[in-house]
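User: I have a model open and want to go through how its parts touch. Can you take my questions as they come?

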Amino acid sequence: MADKLLLIHEKALRFGFDLCDASESFRAIHIWDDEYYRTQKYSLKRLVFIYETLLELPLEIIHGNTLDILNEENLDHLVIPYSGDQALKNLFSEIEKIKTVHYLFETCFANLDRTVEFKRFFKYWNQAKKTAFLNNGDRCA
Amino acid sequence: MSILKRHFDNRNDLISYVKELAPWAEGNASKIRGGQRECKKRLTGINAIKYGKTRNYGNGSVSMLSPYISHGVITLNEVRNHVVKDINEQKSIETFIRELGWRDFWSRFAENNKVFLWNDVEDYKTGYASDDYQEELPEDILVGDTGIACIDAFIGDLVNTGYVHNHARMYLASYIVHFRRVKWQAGARWFLSHLLDGDVASNNFSWQWIASTFSNKPYFFNLENVDRYFHGIVDTTPSRNRVLDASYPTLHNRLFPNLEVQNG
């Protein structure tokens, strides 16, 4: 019996997250949420692309409303790959109201202080290029 | 709640199934396929050095990985790691890595400035105010019948495949905002609905860069430039692209009459 549920969303259609250790028991799902996809106004091209990618992943594709489905799940740990996408962040906020969520963060591209804001690309790049050419961006957090 | 199907006899069956799931979704499926296998093919096909020399050309050595990056099939980190592992000379792959950096830059900016995802970061630097731009895309653009051969071809790519070469995206966005004076938001929404790699931060801030609301000046182009990079790929015959067939100073003065006149 899996004790962790991994929610794969449309901005993280992959496995191989650091936390998906073989010793841990995971059940992975994607929720095909009509309302979410309709709100995104995705064309058929994009929906087929997403579904086609899901078919290569070892997960269940569940049709329904995200919050309703998660509400029905009797689980201790819900794990979600983090995404900065605003629509997903809004959804994450709703999920957090009903479940405890543990986020998986991907290795960043360059070792930069997240609190420093760059308003022009050349300013960003002058800092980012110090680690952007290194494997794993110099293991940035 | 129900469990959806995972096995299909062929791609057409899969497409019909998704169509039934989402009858509201417009258009047809793209010939570009999703999945890890397709992504790996493109990853192994990357030539980052050649990319740096040819990326602006319609037939240049581009990776076409963006739909897979956008949907998290692969991360920026994984693409970078793949490219840097066999290269000793940083300079030769700088263009490729810098392009990955643009995506990271937009994403970072969006995290701290979500209000600007759909609002102007700065004023237009075109001599016009935001209110001078139309709210909606004209019908001829939506259906790819502008009468400008190269623009209609790029629109065809967008609508039929969900993928447009980056340089062609710049032409299209510039045409919509500066030649037709439509708000960048209308074009950004349209792109997002079609592009397989549609990502709100990258897409919208790139539109703002073209529009000049997130850059120092508007980006515009002429037919000579399209012909240089897309000759033989789209129709660049002057008689079929009249609106674009002018020098840069002429176009500048025509598109931005409220700015200082350029001579040449």
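User: Into which domains is chain B divided?
Analyst: Domain 1 of chain B covers 11-112 and domain 2 covers 130-255, with bounds from an automatic or database domain assignment. This is a predicted model, where local features need pLDDT of at least 70, side-chain atom pairs count only at pLDDT 80 or more, and totals for chains, interfaces and linings use all residues. Residues are numbered from 1 along each chain as its sequence is written, while chains are lettered from A and ligands numbered from 1 in the order in which they are written.

User: How many residues does the contact take from each domain of chain B?
Analyst: Domain 1 of chain B gives 18 residues and domain 2 of chain B gives 16; contact means C-beta atoms, placed from the backbone, within 7 Å.

User: Which element has the largest share on the domain 1 side?
Analyst: α6(B), with 5 residues. Helices here are DSSP runs (H or I, at least four residues), strands likewise (E, at least two), numbered from the N terminus.

User: Switching to the chains. How many residues are in that contact?
Analyst: 55 from chain B and 48 from chain A.

User: And which element leads on the chain B side?
Analyst: α6(B) again, where the largest share is 11 residues.

User: Which strands pair, and in what sense?
Analyst: β3 (residues 60-63) of chain A and β1(B) pair in the antiparallel sense over 2 bridges; pairing requires at least two DSSP bridges between the strands.

User: What is the bridge partner of A:His63 in β1(B)?
Analyst: B:Ser2.

Conventions: Contact = placed C-beta atoms within 7 Å.
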